[in-house]
Amino acid sequence: MIAERMVGKSLGKGVFDITREVKEAEAEYGKENVINSTIGTFYGEDENLAVLNTVEKIYKNLPAAELFGYAPGISGSKEYKEAVKENVFDIYKSSFDKSFIGVTATPGGTGAIHNTLKAYMDCGETVLLPEFMWEAYKHLAAANGLKFDTYSLFDGDGFNLSSFSEKVLKMVKKQHKVLAVINDPCQNPTGYSLSLEEWKAVVEILKEAAKYGEVILLDDIAYLDYDFRGAAKSREYMTLFNGLPENILVIIAASMSKSFTSYGLRVGAQVAVSSSPKVIEEFDTASTFLCRTSWSNTTRGGMKLLAEIYGNEKLLKEVEDEREEKIILLEKRAEIFLREAEKEGLITCPFRSGFFITIPLKENAAEIIADLKSKKVFVLPVLGGMRIALCSVPCNKIEKLPKILSESIKKFNK
C-alpha cells in the first residue's frame, strides 16, 4: 500500500536505537560501568543532561500565551528573525552591505536542510555531501527524491579543496546547478573546522562553478557556538558571502538545539544570503510555502526564548558565560582524549573543535563496534568510521576510552 517513492526508505539502526541498548546495559551493569559515547547532547560530569540555567529560567517564566499560542507568522516572528541574525552573524551583522538576507524559522537545523533541498533541487538531481557526514543528510536527500555524491573531506590534516573543486565543477557542468553541503564549523562527526584561508579557497571554487550554472551552498552551523576559537573567529568566514555573484546563493542552517541546550524545542532557521533581491524574494516565498505545507510553523515559545535573550544584554551575557563553562569542559575532554589516543597510536580524523571526534575505519567496523559493546562501550557507527561523543562522556571515562578503542581495533585490524 505504501507509495512507490517510499519503497526501501528506512533509517536503519540509528542513535536512538543504540540509546535503548545503552539503557539496558546501564540497568544490568550499572551506569558507572558503561561508557555511552553515542548521542549528541551535552552531558555534565554527572552524566545528566546539562541545560543552560538562564535559558531554563527564561523559558519557564514565559507567559502561557507565548508557550501555547500559535506562532505569529508562518515564517517566524519579526523579533525572532532579528535575534537569529544577531546569533548567526554576531559582530559581522552589519558587514553585508552588498547583500540581502532572508530568514525563515524552521523546526531545528533539520527543518532548514529539508526546506533547502526541497526548494532548490528537482526530483532525480544530485546533491553534494561530505564523505564523513551526519547520516541524516542522506535520508533528507532521499526523502526529497534526490541522489547524492560525496567529496573527500580531508587532504592530510586539512580540508580537501581539490576533491571539493572537482566534484562541484563536475556536478554543475552536468546538471547546470550544484547544491553543496558543508557542515562548518565543528563538523559532525569529525570536529573539523575550516580555516579562513580554506574558506577563501572554497568561495573561489563556488565563483568558478557559477560560470557554468546556479550554485547553492548549504552551510550547516549547528555547532557554531562550540568553536574553541571564540564567537568572532568562528564567524569571520561568513563575511566572504557578501557580494557574491547573483547566481550564488548561500543558505545557512541555524539551530538553537546545541547553542541554547534547547534540543527538544525544535527551533532553528534558514538564513539566506544573496546579492540579488529577487533571489531573496523567491527564498521567502518558497520557504514560507514549504513551512505551511510541512509543519505549519515553529514553536512560539522557542522563538520567544531567543528573542528574549537577544533583547536583553544582561541575559545574553549570562547565557554566554554559562556556555563558556561548557566549552572549557569540552576542550578539557578533547585534550584528554587526544593525549591518550596518541599514547595508544589511535588514529583520528583531524579535529579542531566541537562535540565529536571520529576514528576512521576502513574495514571490520561492524566487528569492532560489536566487540566494544561486549566491553560495555557504545559508539556511533558512521560511514567510514565511528563517532566519539565528547559532549556526553565525563573526563574519567574519556581517559579510559582510547585504550579500549585501540584494543578492539587492533583485535580485528592488524
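Trainee: At what angle do the axes of helix H11 and helix H12 cross?

Mentor: Start with the general idea. Two packed helices are described by the angle between their axes and the distance between the axes. In this predicted model, the axes of H11 (residues 300-310) and H12 (residues 313-344) cross at roughly 105 degrees and come within 6 Å. Angles of 65 to 115 degrees count as roughly perpendicular, so H11 is roughly perpendicular to H12.

Trainee: Which residues make the contact?

Mentor: H11 supplies Glu308, Ile309 and Tyr310. H12 supplies Leu315, Leu316 and Val319. By class, that contact has five nonpolar residues, one charged and no polar.

Trainee: Now the cores. How many residues does the largest nonpolar core have?

Mentor: In soluble globular proteins, nonpolar side chains tend to be buried together. Here the largest nonpolar core has 62 residues. Phe164, Met238 and Phe241 have the most contacts inside it. Helix H8 (residues 196-209) gives the most to this core, with six residues. Another core, of 39 residues, lies apart from it; Ile35, Phe355, Ile357 and Ile369 are among its members.

Trainee: What does phenylalanine 241 touch?

Mentor: Leave out residues up to four places away in sequence. Phenylalanine 241 then touches Phe96, Ser99, Trp199, Val203, Leu217, Asp219, Val250, Ile252 and Val273.

Trainee: Is glycine 156 buried or exposed?

Mentor: The cut-off for exposed is over 50% relative accessible area. Glycine 156 has 57%, so it is exposed. Glycine 156 is found in the loop between strand E5 (154-155) and strand E6 (158-159).

Trainee: How many residues apart in sequence are glycine 156 and cysteine 349?

Mentor: They are 193 residues apart in sequence. In space, C-alpha to C-alpha, glycine 156 and cysteine 349 are 9.3 Å apart.

Key
Residues numbered from 1 in each chain as written. Predicted model: local features only at pLDDT ≥ 70, side-chain atom pairs only at ≥ 80, totals over all residues. Heavy atoms only, no water. Axes fitted to C-alpha atoms, helices over the stretch in contact; angles between N-to-C directions. Helix = DSSP H or I, 4+ residues; strand = E, 2+ residues; numbered from the N terminus. Parallel < 35°, antiparallel > 145°, perpendicular 65-115°, else oblique. Contact = heavy atoms within 4.5 Å. Nonpolar A, V, L, I, M, F, W, Y, C, P; charged D, E, K, R; others polar. Core = buried A, V, L, I, M, F, W, Y, C linked by side-chain atoms within 4.5 Å. Buried < 20%, exposed > 50% of the residue type's maximum accessible area, 1.4 Å probe, protein only.
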